[in-house]
Structure formats: structure tokens, C-alpha cells
Amino acid sequence: MQARKKYVLLGLCACCWLVLFYWGGGVQLRLLRLLTRQRGEVVRPWPNWTDRAFLPRYAHLDELQTDPGTAESPRQRRQAWSAIYKDSHCRMETCFDFTRCRRRGREGFRVYIYPSEKNDRVSESYRKILTSIAESRYYTTDPREACLFVLGIDTLDRDQLSGQFVPNVDERIRGYPLWNDGRNHLIFNLYSGTWPNYTEDLGFNIGQAILAKASLNTEHFRPGFDVSIPLFSKDHPQKGGERGWLVRNTVPPRRKYLLMFKGKRYLTGIGSDTRNALHHIHNGKDIVSLTTCRHGKDWEKHKDARCDHDNLEYERFDYQELLHNSTFCLVPRGRRLGSFRFLESLQAACIPVLLSNGWELPFSDVIQWNQAVIEGDERLLLQVPSTVRAVGNERVLALRQRTQMLWEAYFSSVDKIVLTTLEIIKDRVFSHTSRNKYMWNWLPGGLLVLPEYSTHLAHFPFYYLGLGVSPGQEFTAVIHAVSPLVSQSQPIMKLLQVVSKSKYCSQIIILWNSEKPPPSRSKWPPMPVPLTVTDGRRKTTSRFLPHVAIETEAVLSLDEDTVLLTSEVNFAFLVWRSFPERIVGYPPRSHFWDPLKRAWGYTSKWTNDYSIVLTGAAFYHRYQHVFNFAPSDSLRTLVDRTSNCEDILMNFLVSAVTHLPPIKVAQRKQYKELPSPQGTKSVPWANPEHFNQRQECVNAFANWFGYMPLVHSQFRLDPVLFKDQVSVLRKKYKDLERA
């Protein structure tokens, strides 16, 4: 009975609701329509949630940044993108042929550049990109060996209004026999689209090609496939590049200005809303936000009431002075998402504050940008000042240091930008031996931590301190022998005895580089450690090539005529264990700049200043793949041709990685490369051309790096009580003073 009453009550309620809706809503609505029709008015229905007139604050960002006359909905943009990039869902697993790259292991990663056609226009920036690839260790002239293909057609500027625009790209690339719908191709682009919307249309179908593009939108970025690159100017250096501006850590780390921006203001078109609002945060004291509308041919026709005042204020401040003296730098979007301000801020150690919603940051696959930049929101500009004021001093210092690491590791030159792009793709191809995020985001950076050597952090000397790892307690001696063995009294025999007596020596390897075949094991003296004789006649640089027999982290490189004591070897090894990332040894040399010749010089004069430690008697880490893989073929060819300079090249490479000088230790005998008297046995440095060749090598190496990586030092490490006026019996390394 109770249940029946409930159902009856519910039915009555439903009927009442329908009656009220009909008479109270439907009839009134019909009456309202009737009355308005009689008056000749049009009734506007209730506003939809997408109605711009009623919800202007929640309009889509793309709509806010587009002129009303050229407005384009996000759906239309996506449809346009899909029509151009039909393979928008490409991934390495679906649009890349791995078999082309894995024929020879990691050495199978080769890059082929299509030859340029006659009358092809190539911009300065694209020429630098192609040069960087052609001078890299990955370049090949044989397309059959190639894993990756790069167009000879300049695709950097796809703005149809630009003088660098190359027409008919679609027709040309379809005629390439190797195009294969873009599979295994890499396309570089800096500018896409044109006025007024500046879409990401390249004007041709990239198919299944990998896109290395600046100003990439996250909506169109294909994760794990495309590569976002920075926008760089035509003046960006090919090699080397300038160092970062943070030369010392000041405390507190804040500068004169808290936040700055100085740049163009767009009066109309996409990107104008963001920059038009920047004047709201300018106070002329610790926040300087300056814009000018004085750019372009017709700026006066479009100028607004603020232009004249903004232009006057703009001229009051120098841009370089602001960069040097600001803690944070605003990096708002321009016509496109990327901006030149980004790289300028990184170099200046001015922490970038990004105002570019939807921008896929450069090399985002590997770089942890939250450790170097502040990401703002274009719609919340007024919150930026309070946000940066809340950043503590420790965080400011950490952000500034990270900007310098990233600038010098990946962005200071076109070479580094291109090689980083190639290394990211290579890690995708050989994902089982790829670098981890720590390697990419910690010194010395992913370009110098080569997976050909190892993918374990503990195997690299750069990470010992951070991991709490100590270097091994043994070393392997590698002796470079060039003279035939004719007598038991030769210097190499005594050297073998001296080195083998060291309690830290694990084994001795002799690189036999003589024209005569190596002698049998019975010709060598008995020793307490294993002795291996390896044929090193293949190359003069074989001293630094990877040898499977080397199992220790420390390597003692020796010339056959080196004169050392066991105590000298022991002391140098203990010093190396404290500085495992550097070269530690005895004979020093130095470089200098000759202003008259406008070239680098090389000297062995006895001074307190040095920048090179010869590897004829020196310790270094077995991370020697840096010598085998980092230099170009041209450098190794120069070393092999002259039978000289491999020790200088090794110093260049190690200093380029560490940004530190080698370390000289106390020695009993002085080494000097002076011509020997006439009639004596010829030695390499007795040749009058020896110093000339080495000076040529120094200049050739500096030109290849694009800068001089060698670092001068006056630092020498001696044993405790060395040369002190105390009894020799109280000293640990007594033999060092018994000359």
C-alpha cells in the first residue's frame, strides 16, 4: 500500500511539472516571438557557451591573436594542417626504416646530402647547416650507405613573401628516386607560413620526413619523431661561438634590473595582442619593458596613440646594457612562436621568461627546460612580475648556471644545433644504447658523452664526484715504440722495469709502430705484470684508439725513450686519481697568440705558464673514444700525414670537454723539444720542421673547433716537503730529489 502511494505521488508531480512548463514556458516563449515579430525585431536566442560576444575572456588564444577579418577557427587550422601533413601521426616505428641504419651497428648512422642543382639559391643559414653535416663524422657521399637524407634544396624560409623562398619544392622532391614519401629524410625549417596568419604551412608535403623546425606548435609536434630547434639568425656562428656571459658567480645573484624586454610591437596581426600588452608591467625602475612600432615600411600609417611615447622611451635604454644587467628576460612570441630573444637570453645568463603559449621548446625530448627557464602564460601577463619576484636567490643562481651549460653545450653555434639534432635522431634509432636525461642535462653535455664508449654514468670521469665514485686504484701503461729492438740496453727496457715495479701498475701494452715486425715475447724482460705487444703500425694515432685489452680506468701514455722513476709514476697516478677528467703528466708546453702573424704559436720555453701536457709521459682516463669519434677525418688525416701532433690534438679535445687545463706534476728530468746536435741520432723533434708542423697543427685544430679550447695554467702539484730544507729521510718521494 505504501509503495502504491509513492508511485501515485511521483506521477502527480510529473504531470504538474509538464503543465507548468507548457503554460509557463512554451506559451510565454510563443507570445514573446509573436510580439517581437509584430515589432519587426529579431529575437536573439539564449547565448551559446561558445559565443564570443558573451564570453570574450574565454575565447581561444588563436582567435584573440588574429585579425577579425582573417579569423580562422582552431578546427579550420587543424583541417589545414591535416591536408598538408597527412602523416601527422608518424612515429619512428611507423615512418622510419631502421634497416638502413643498422647494417654496421652504430657506425651505420650516415647522413647523405642531395647535391644542389644549378641555379639553386641557398641562404647563408642553410649553407651553414649543410656544412656542419658535411664536416661531421656522420657524412657520406654514397646514398647506399645513408641512414638519413637531407635535401640540398633550401627549406629554411617558407614565407612566400620572402626573398629566400624556393618555389616548386613539391614537384622537385617527388622526382627524387630516394624520396620514398619522405621516409628517412630530415627537413630543416626556421620560418613557415606567411602574412597574416603565419601558419605552419611549408608549401609542400613533407610526407613521412622528420621535421627539424623552429617555432613548432605542441599541437603539430610529433613526439619522438620531429625535433624542435631554436630560431637563430644568419649571423649565428658556424663553429665555436661566444662563451656565455656568466664568468663568475656573484652573491647575491640578482642584477640591477629584475625583468626586461626591448623589441618590436606589432600593431596588427597575429602576435600583436601579446606585445601590445607589455607596457602594462613597465615601471622604469627594476622592470623595463620597452616596445617600438617603428619598424616596417608603413608603420606610420598604422601607428596608434601610444607609438610616439613608446618610441621615445625605447631609445632611452641600450639593449646590450639591459641584457648584461637583468636577472630575468621576457621572451614573448613574435609573429611565430619562437624568437631570437631566446638564444640571446641564454647566452647572457638572463633567465628567460617565456610568453609563447603552445611553443614546443628546442630539443624538448632531451632537455629539462624547467631547470633553465620560467614558463609564463600570455593570458596572465600581469602575474609575471610577482612570479619572478618570488624566485629565491638559490633558484636564481641555479637557473643562471643552467642557461650557461645549455648555451655552451647545444646552442652557441650552428654546428652544435645541427649535431644535437643528429644525435637525438641517432639515439632514437639505437634506443638500446642511448644517452639518458642526466647525460643530456649535466656537464659536459650529450654531444661529448658518447654512447660508443658507455651508457653508464659511473664509467665517465665527469660524474664521479656527483655519484660519490672513486677512480680505480690501478693503471695500464701504454708504451709507444717506434725503434726496432736490437739491444737489451735500450731505453724501453729500463722503462719497462721502472713502470712494472709500480704497485699500481696492472698491465703494460706496447704499441709496436716500427717498420720491422715486433720481437717475440722471449726478447722482452720478465716482469711482475702482464705484457702485451700490439701492432700499432696502422696509424700514428693508434696510441689513443680504443684497445680492448685496457681494463683499467687510468692509462699511462709513454714514449719509448721516456726517463722516469717509479716514485714519479706513483705520485703522478695519485694526483690523477684526484683529477680523473684531466690529463696529468710531466712535460709541459704552451700556446700563445702572435699579433704580428695573427696566428697561434707553439712553444716549449721553460716558463711557469703552460696549456699542454705532452702525452709522452702522462695519465688520462680511458674515455679515449673522444679521440676516435669526436675529431673529423680531416684532423686525423693531418695527424697521420705529419706523424706529429696527436698529443696536441688530445689536449685540445680534453680541454674542449672539461674547459679546464691539464695538470703538471713535479718531475726530476726536464723535457725539451730542442734540435739535437749534428751527427747524433735523429729524433722526431730534431727535424727543423717539427715546430713548424706543430704550429700548423695548433692553428688547424683551433680553426676546426672555431675557438681556442686550450686553457693556460700555472698550477703544479708537488709532493709534501718537496724541495723543503728538511731531511730527505722524512720525505715520501725521496728519489725525486736525488738527481
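1. Ground rules. This is a predicted model, so local features need pLDDT of at least 70 and side-chain atom pairs count only at pLDDT 80 or more, while totals for chains, interfaces and linings use all residues. Residues are numbered from 1 along each chain as its sequence is written, and side-chain values use heavy atoms, with hydrogens and water left out.

2. Helix 5 against helix 14. Helix 5 covers residues 124-134 and helix 14 covers residues 414-429; they pack with axes 9 Å apart at an angle of about 60 degrees. Helices here are DSSP runs of H or I with at least four residues, strands are runs of E with at least two, and both are numbered from the N terminus. The axes are lines fitted to C-alpha atoms, for helices over the stretch in contact, and angles run from 0 to 180 degrees between N-to-C directions. The two helices are therefore oblique to each other (under 35 degrees is roughly parallel, over 145 roughly antiparallel, 65 to 115 roughly perpendicular, and the rest oblique). Their crossing is right-handed, meaning that the near helix is turned clockwise from the far one by less than a right angle, with anticlockwise being left-handed.

3. Helix 21 against helix 22. The axes of helix 21 (residues 646-658) and helix 22 (residues 689-705) come within 10 Å and cross at roughly 30 degrees. That makes helix 21 roughly parallel to helix 22. The crossing of this pair is right-handed.

4. Salt bridges overall. Side chains of opposite charge can pair when their charged atoms come close. Searching the whole structure turns up 23 salt bridges, each defined as a side-chain nitrogen of Lys or Arg within 4 Å of a carboxyl oxygen of Asp or Glu. R137, E423, D427 and R435 are tied together in a network of them.

5. The D365 and R428 pair. These side chains meet in a salt bridge at 2.3 Å, N to O. It links distant parts of the chain, 63 residues apart: D365 is in the loop between strand 10 (351-355) and strand 11 (374-375), and R428 is in helix 14. D365 counts as partly exposed because its relative accessibility is 26%, whereas R428 is buried at 14%. For these labels, buried means under 20% relative accessible area, exposed over 50%, and partly exposed in between, with a 1.4 Å probe and protein chains only.

6. Two other pairs. D310 and R306 form a salt bridge at 3.3 Å, N to O. D310 is buried, with a relative accessible area of 8%, and R306 is partly exposed at 24%. R144 pairs with D142, the closest N and O atoms being 3.1 Å apart; R144 is exposed, with a relative accessible area of 66%.

7. Most residues other than glycine have a negative phi, and most peptide bonds are trans. N119 has a positive phi of about 70 degrees, and N184 has one near 65 degrees. N119 sits in the loop between strand 2 (111-113) and helix 5 and is exposed at 71% relative accessible area. N184 lies in the loop between helix 6 (169-174) and strand 4 (185-189), where it counts as buried at 2%. There is also a cis peptide bond joining L443 and P444, with omega about 5 degrees. P444 is in the loop between helix 15 and helix 16 (464-467).

8. Nonpolar patch. Which residues make the nonpolar surface patch of about 300 Å²? They are Y438, W442 and L443. Patches are built from residues with over 30% relative accessible area and no salt bridge, joining like charges within 9 Å and nonpolar side chains (Val, Leu, Ile, Met, Phe, Trp, Tyr) within 5 Å. Areas come from the Shrake-Rupley method with a 1.4 Å probe, and for residues only the protein chains shown count as cover. Y438 belongs to helix 15 (residues 437-441) and is partly exposed at 34% relative accessibility.

9. C-alpha separations. K494, in helix 17 (residues 491-500), is exposed at 59% relative accessibility. Its C-alpha atom is 9.2 Å from that of D561, 67 residues apart along the chain. L178 is in the loop between helix 6 and strand 4 and is partly exposed at 34%. The C-alpha atoms of L178 and F149, 29 residues apart along the chain, are separated by 8.7 Å.
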